[in-house]
Amino acid sequence: MLAKLCTRLAVRRCAGASVLALALLGAGLPAAAAERPQPDLSRFYRQKVAWRACEGPDMPKDLQCAEVTVPLDYARPRAGTLDVALARYRATGRSRGSLLLNFGGPGGAGIPQLASEGRQFMDLTNGYDVVTFDPRGVGRSSPVSCGEGGEGASGATGEDIDLGRPQALLRQVRQVADRCARHSGPVLPHIGTVNASRDLDVIRQALGDDKLNYLGFSYGTRLGAVYAAQFPGKVGRVALDGVDTLTEPLSEQGAAGAEGQQTALDGFLDWCTTDVGCPFGQDRRAAGDEVVRLVRSLDENPVPTDFGGAFSGQDLVGAIGQALYSKEMWPSLERALASLVEDGDTRRVLAFATGGIGVLRDGLRGDGGLTDAEDVPPDNLPAALMAINCADDPDRPSAARIAEDLKDLRAAYDKASPVFGRYRLTQLLMCYGRPRGTTFIRDRVKDVHSAKMLLVGTRGDPATPYRWTVETARRLGPSAVVLDNKGEGHTGYSSSTCVHRKVDDFLLYGSLPASGSSCPADEARGSGARTAR
């Protein structure tokens, strides 16, 4: 499914007093641009959300759906629009407005996550309508894609990295970038966190809220921080869990991610090898080598899938990485790997890689409205992940510089993880051939003068290291309050009773813990927010 955005305005211009028009125009201005002449966005800020029952067999009966129309290009709001998909659980108690959720990614669709794991957030309906959304380019909101057989954002696997022929590798990477551009449609040049943050402000206004109340996980913390920098006066109660970096280049993020995932894999293998059903046996030292051999074997000889494609070792690495975000998924991962190793059955492992999305329906195009859930491309998550990360990163080293650094990068990534290193290095290279990303996040998201925000960092987080929480809090300034979770796993809200309680107390009652206070390690209480970092 490819998004084809409309030039028809989805929101009719309505007559109003000039004072109201100016007020609405001002509401859509980021703080850094408020003094410069700006395009008129008032028609987008006049929207009201029309809720209806969500359609689909997997949708809870009490979950409501809607959409909000936003400009494709905020600098040229008449050039086209797209619809952003929303879903909510209505407040059961006295409502103080809406609480927006972002589950992470980038590239993670909010609506299916809220539909499947909404029970974790039911306490928050005591004070809020709990709302989530599919960000632009994601899920039902004009999803990006690299096309059938594109394997998401990466057409070059880790095994394709030929250190002796870097120029040939970069030509292949550029071809992948071109293929993603062809299949993603007009939204691709306008994807990224800066525009998603502006969409968030349109959503806030359409929901009728004066301030944004927000709970973001992993990548969602980057989105929340960017919003606070763009709209500091609109920050309400904002909690950020599994805090992302605002400053590290993708090369350093990738190495940190590979190291964190290797630590999580080691923990999984420690557990797996105590079980007679472990597909890698009961010898812990040998089990790690068996995983490496399995990945290499599948890279050399990919196996067919029920969808007609091939399943490679790097596909397996991506699937394992998704499953390692929470210990609650370890039993399912063990069974999926056993099916693969013993029977050559890829279906269970593919469920981790694709979220259970089915076959790509290529050639279908929308008109800027919402994409049907069944038509979301199966590679949307990895395609959006790379598109958004590249849009947020300004570094574009030349081909000569990449060729010069590639050998050292390969060694550093392999040292960080013999399993995840090559996969992460491939992701790093995928920005080559794409337009240079924004400098806004590195240069402008700092010293934010907003209401207090709660930042949660988990000591044993495999995806967002605790030091990123400390660094981001220092960068944001006095508005950031840090909660130190001593536990394990990616994010703390779903795995720690203490974190869950403190976040809820802040969001519902405005009760902030002292900065630097901590929560002890806790038994897992849920599956956690799954992201694709």
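Visitor: Which residues is Asn-485 in contact with, leaving aside its neighbours within four places in sequence?
Guide: Asn-485 is in contact with Val-456, Gly-457, Thr-458, Arg-459, Gly-492, Ser-496, Val-499, Cys-519 and Pro-520. Contact here means heavy atoms within 4.5 Å.

Visitor: What should I know about the model itself?
Guide: This is a predicted model, where local features need pLDDT of at least 70 and side-chain atom pairs count only at pLDDT 80 or more, while totals for chains, interfaces and linings use all residues. Residues are numbered from 1 along each chain as its sequence is written, and side-chain values use heavy atoms, leaving out hydrogens and water.

Visitor: Back to Asn-485, is it buried or exposed?
Guide: Asn-485 counts as buried, because its relative accessibility is 1%. The cut-offs are under 20% relative accessible area for buried, over 50% for exposed, and partly exposed in between (1.4 Å probe, protein chains only).

Visitor: And where is the place of Asn-485?
Guide: In strand S11, residues 480–488. Strands (E, at least two residues) and helices (H or I, at least four) are DSSP runs, numbered from the N terminus.

Visitor: OK, new topic. How do H7 and H14 cross?
Guide: The axes of H7 (residues 250–272) and H14 (residues 421–429) come within 9 Å and cross at roughly 160°. That makes H7 roughly antiparallel to H14. Axes are lines fitted to C-alpha atoms, for helices over the stretch in contact, with angles from 0 to 180 degrees between N-to-C directions. Under 35 degrees is roughly parallel, over 145 roughly antiparallel, 65 to 115 roughly perpendicular, and the rest oblique.

Visitor: Which residues make the contact?
Guide: On H7, Leu-250, Ser-251, Gly-254, Gly-257, Ala-258 and Gln-261; on H14, Gly-421, Arg-424 and Leu-428.

Visitor: What about H13 and H14, at what angle do they pack?
Guide: H13 (residues 399–416) and H14 pack at about 150°, with their axes 9 Å apart. So H13 is roughly antiparallel to H14. Among the residues that meet are Leu-406 and Tyr-413 in H13, and Leu-425 and Leu-429 in H14.

Visitor: How many residues has the largest nonpolar core?
Guide: 77, and Leu-100, Val-445 and Leu-476 have the most contacts inside it. Such a core is a set of buried Ala, Val, Leu, Ile, Met, Phe, Trp, Tyr and Cys residues joined through side-chain atoms within 4.5 Å. Another core, of 35 residues, lies apart from it and includes Leu-298 and Tyr-325.

Visitor: And how many helices and strands are in the protein?
Guide: There are 17 helices and twelve strands.
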